[in-house]
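I opened my notebook to look up a few things in this structure. I wrote each one down as I went.

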Amino acid sequence: MQITTVVSKLNIKELEEMYIKMKELQIDSWRIVNMDPIGRAEDNRDLALDKDDYKYLLEFIKEKKKKSKFDITYGCTYFVGMKYEKEVRNHMFFCVTGFTTGSILYNGDIYVCPSVERRKELVQGNVRTDDFVEVWENKFKWFRDLDKLKCKECENCKDWKYCRGDSLDTWDFNNNKPKLCLSKILEEDGKK
């Protein structure tokens with residue numbers, strides 16, 4: 001059994017208490033994610049984590065991961081920089097949307113990760129009229145382009161080969177850039 005916890009300003013200081021509860025529940029895995037700047041969270045930015053919160057969260061995961069009897073991992077969004085990447089996940093960051101993850105929405109639309117902003121241009125077909133396998137094999141090509149999210153913000157980034165523009169679910173389609181670059185935030189934090 002895996003439990004996923006979304007961390008915001010409201011509950012970040014409760015992580016230790018939650019960890020104790022997870023041990024009591026004898027879970028297999030605890031997946032911890034931060035509130036992403038998507039959906040309704042964009043209207044509640046006061047709940048978003050700041051630099052110190054992100055560092056606290058990642059250090060918490062790193063330390064608990066070393067001694068816990070159950071798996072603890074950071075969620076699937078954001079490349080967190082080489083200092084943390086291999087310490088808070090069991091694998092290096094890679095947004096698998098369109099590579100290994102596709103979804104069928106409530107109306108039958110064939111889509112990528114269901115966390116990605118609903119955009120008409122990202123719908124690849126509909127299971128009521130299209131063969132899912134055919135769509136998966138032939139229409140998801142753009143999602144599988146490793147350079148699809150290369151933008152002015154990212155073109156000279158030293159971590160491009162690891163990040164690739166970050167997660168599609170946190171991509172700002174209107175401005176063609178990531179909504180948040182956690183690696184950059186953590187790097188700036190380390191320079192202070």
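I started with cavities. On a 1 Å grid over the protein atoms alone, a cavity is a set of points where a 1.4 Å probe fits but cannot get out; lining residues have an atom within 4 Å of a point. Grid points are joined across faces, edges and corners, and a volume is the space filled by probe spheres set on the points.

I noted the ground rules next. The model is predicted, so local features need pLDDT of at least 70 and side-chain atom pairs pLDDT 80 or more, while totals for chains, interfaces and linings use all residues. Residues are numbered from 1 along each chain as its sequence is written, and side-chain values use heavy atoms, without hydrogens and water.

**Entry: the cavity**

I searched the whole structure and found one cavity of 30 Å³ or more. The volume of the largest cavity is about 80 Å³. Its lining includes Phe94, Phe99, Leu146, Lys148 and Asp166. I sorted the lining by class: five residues are nonpolar, four are charged and none is polar. Here Ala, Val, Leu, Ile, Met, Phe, Trp, Tyr, Cys and Pro count as nonpolar, Asp, Glu, Lys and Arg as charged, and the others, Gly among them, as polar.

**Entry: positive phi**

Most residues other than glycine have a negative phi. I looked up two residues with a positive value. Asp166, from the cavity lining, has phi near 75°. Asp166 sits in the loop between α5 (160-163) and β7 (171-172). Helices (H or I, at least four residues) and strands (E, at least two) are DSSP runs, numbered from the N terminus.

Gln26 has phi near 55°. I placed Gln26 in the loop between α1 (15-25) and β2.

Which of these is buried or exposed? Asp166 is buried, at 5% relative accessibility. Gln26 is exposed, at 68%. Buried means under 20% relative accessible area, exposed over 50%, partly exposed in between (1.4 Å probe, protein chains only).

**Entry: strands**

Two strands pair if DSSP finds at least two bridges between them. β2 (residues 29-34) and β3 (residues 71-74) pair in the parallel sense over four bridges. Ile32 stands opposite Tyr74 in β3. From β2 the chain crosses through helix α2 (residues 51-67) to β3, a right-handed β-α-β crossover. Right-handed means that, with the strands pointing away from the viewer, the path from the first strand over the helix to the second runs clockwise.

I also found an open sheet of three strands, ordered β4-β5-β6, with antiparallel pairing. β4 (103-104) and β6 (125-126) each have a single partner strand, so one side of each lacks a neighbour in the sheet.

Notes. On a 1 Å grid over the protein atoms alone, a cavity is a set of points where a 1.4 Å probe fits but cannot get out, and a pocket is an open set with protein on both sides within 12 Å along at least five of seven lines; lining residues have an atom within 4 Å of a point.
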